[in-house]
Amino acid sequence: MPSPILPISSHPSSSASAATTVVKAKIDADPSATILISSKFDPEKAIPITPVLPRASSYNSTSNVNNNIVSFANNHQQRFLRTSSDSSLALLADETPRQSISREVGHVAAETFYLSGLCLKLLSYLGVGYRWITRFLALGCYAMLLMPGFIQVAFYYFFSRQVRRSIIYGEKPRNRLDLYLPKTSQGTKPVVAFITGGAWIIGYKAWGSLLGQQLSERDIIVACIDYRNFPQGTISDMVEDASQGISFICNNISEYGGDPNRIYLMGQSAGAHIAACTLVNQAIKETGEGDSVSWSVSQIKAYLGLSGGYNLFNLIEHFHTRGLYRSIFLSIMEGEDSLHQFSPEVLVQDSNVKPAVSLLPPVILFHGTADYSIPADSSQNFADTLRRIGGKAESILYYGKTHTDLFLQDPMRGGRDEMFEDVVAIIHGEDEAALAKDAMAPPRRRLVPEFMLKLAHDVSPF
């Protein structure tokens with residue numbers, strides 16, 4: 001049975017809220033048992049101040065590089081729009097399997113060519129550095145060890161009739177999303193809007209295939225939102241894309257059998273950061289006067305952040321030592337002056353922004369205690385900060401888990417996945433029938449042999 005998780009019944013008020021940190025530790029005598037260490041705090045009341053923090057200006061110190069990037073992206077944009085204009089929902093529904101596969105192979109080829117061009121542009125900007133080179137080599141070894149699982153997931157992604165690939169949600173390059181639909185169409189389904197990670201550089205919607213497959217097997221619709229990466233775009237472009245994708249889901253998911261009143265926003269790693277920025281930015285807009293919005297934070301049932309970083313000031317040196325150099329990171333984040341705007345933990349403490357915190361949905365943050373890419377205290381500190389200023393938040397820590405264990409190795413191991421069961425328990429928290437069905441769900445099959453998973457754990461660059 002899944003562990004007890006913070007129940008979600010309504011959005012928090014500014015006068016009563018709580019944050020909980022849960023540490024899940026394995027007991028040596030019984031590996032299947034866990035200890036839950038939970039602490040609750042009485043929150044302070046939110047300060048009712050009405051002004052809204054203005055949007056920060058762009059960073060232009062890398063203008064030469066950015067001009068080349070913009071030129072490259074603009075040249076491709078027209079080709080992108082022409083090739084994607086025939087990918088409407090009606091066409092997807094009417095295609096035969098052979099037509100669908102042919103179209104997707106062509107799309108993958110075009111995307112591969114496009115992403116290769118972006119990678120070459122990125123490499124010309126990175127120059128030579130031993131840290132990122134060694135991690136790139138480690139990434140290759142890591143991918144090869146998990147290749148048996150990747151092949152099976154890719155087969156599902158391209159051949160399953162339950163996957164609706166590359167649905168266009170906007171006019172900018174890479175404004176596409178993938179939908180993972182349950183096999184049963186009876187009744188409306190809860191929805192997860194998922195934003196993948198990738199260090200703001202190599203993110204791609206297909207990275208969410210494994211999660212999409214697994215959640216759809218539990219009668220949950222998953223929408224994996226693609227977005228522009230660096231150097232094609234900077235963080236404000238990523239947040240803009242994420243917001244457009246969420247808007248599309250909020251306004252159109254009922255056409256796919258989704259319940260617009262049960263939408264959960266979820267992100268992993270860099271995607272968790274982008275999703276949190278998007279959510280806070282939307283809440284700020286809604287506290288302003290005359291700001292037009294196409295979706296509302298009130299439509300989000302809860303925010304689920306997996307292995308995310310929410311205070312960039314505390315992470316910039318950490319990333320630098322791990323190969324994401326300070327100059328590159330600042331270019332992604334539009335300069336040092338913009339770190340405040342794109343650090344959700346810092347931003348919500350601004351006196352001009354605090355009123356927006358009362359609009360935020362419940363925030364549940366998952367993190368492994370052995371995560372070396374983004375330390376676990378990133379999630380703990382953000383949850384504590386939200387609680388202090390009137391938000392409702394919880395952090396759940398998984399003892400001994402790394403950055404990739406929770407998202408890749410554990411799901412590929414098969415059987416019962418602790419974090420996955422916790423996520424499903426949150427989504428199905430108000431549906432007794434679904435919870436009973438979850439309790440009877442068979443263990444998932446293994447995708448990768450155990451010795452390969454252990455080696456992947458050891459060589460992982462994350």
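Strands pair, by the way, if DSSP finds at least two bridges between them. Within that pair, V191 sits opposite I221 of strand 6. To get from strand 5 to strand 6 the chain goes through helix 6 (residues 209-216), and this β-α-β crossover is right-handed. Right-handed here means that, with the strands pointing away from the viewer, the path from the first strand over the helix to the second runs clockwise.

Before I go on, this is a predicted model: local features need pLDDT of at least 70, side-chain atom pairs count only at pLDDT 80 or more, and totals for chains, interfaces and linings use all residues. Residues are numbered from 1 along each chain as its sequence is written, and side-chain values use heavy atoms, with hydrogens and water left out. Helices (H or I, at least four residues) and strands (E, at least two) are DSSP runs, numbered from the N terminus.

Strand 6 has another partner: strand 4 (residues 176-180) pairs with strand 6 in the antiparallel sense, over 4 bridges. There, L179 stands opposite A223.

So is strand 6 (residues 221-225) buried or exposed? It's mostly covered, with 5 of its 5 residues buried; buried means under 20% relative accessible area, with a 1.4 Å probe and protein chains only. I221, A223 and I225 point one way, V222 and C224 the other.

Now the holes. A cavity is a set of points on a 1 Å grid over the protein atoms alone where a 1.4 Å probe fits but cannot get out, and lining residues have an atom within 4 Å of a point.

Who lines the largest one? Among them are W207, L210, Q214, F407 and D417. Helix 14 (405-413), helix 15 (418-427) and helix 6 each give two or more residues to that lining. Helix 14 gives the largest share, 4 residues.

Last stop, helix 8 (residues 270-287), where you'll find L279. L279 is buried, at a relative accessible area of 3%. L279 and A242 are 37 residues apart in sequence, and their C-alpha atoms are 9.5 Å apart in space.

Conventions. Buried < 20%, exposed > 50% of the residue type's maximum accessible area, 1.4 Å probe, protein only. 1 Å grid on protein atoms, 1.4 Å probe; cavity = no way out; pocket = protein on both sides within 12 Å on 5 of 7 lines; lining within 4 Å.
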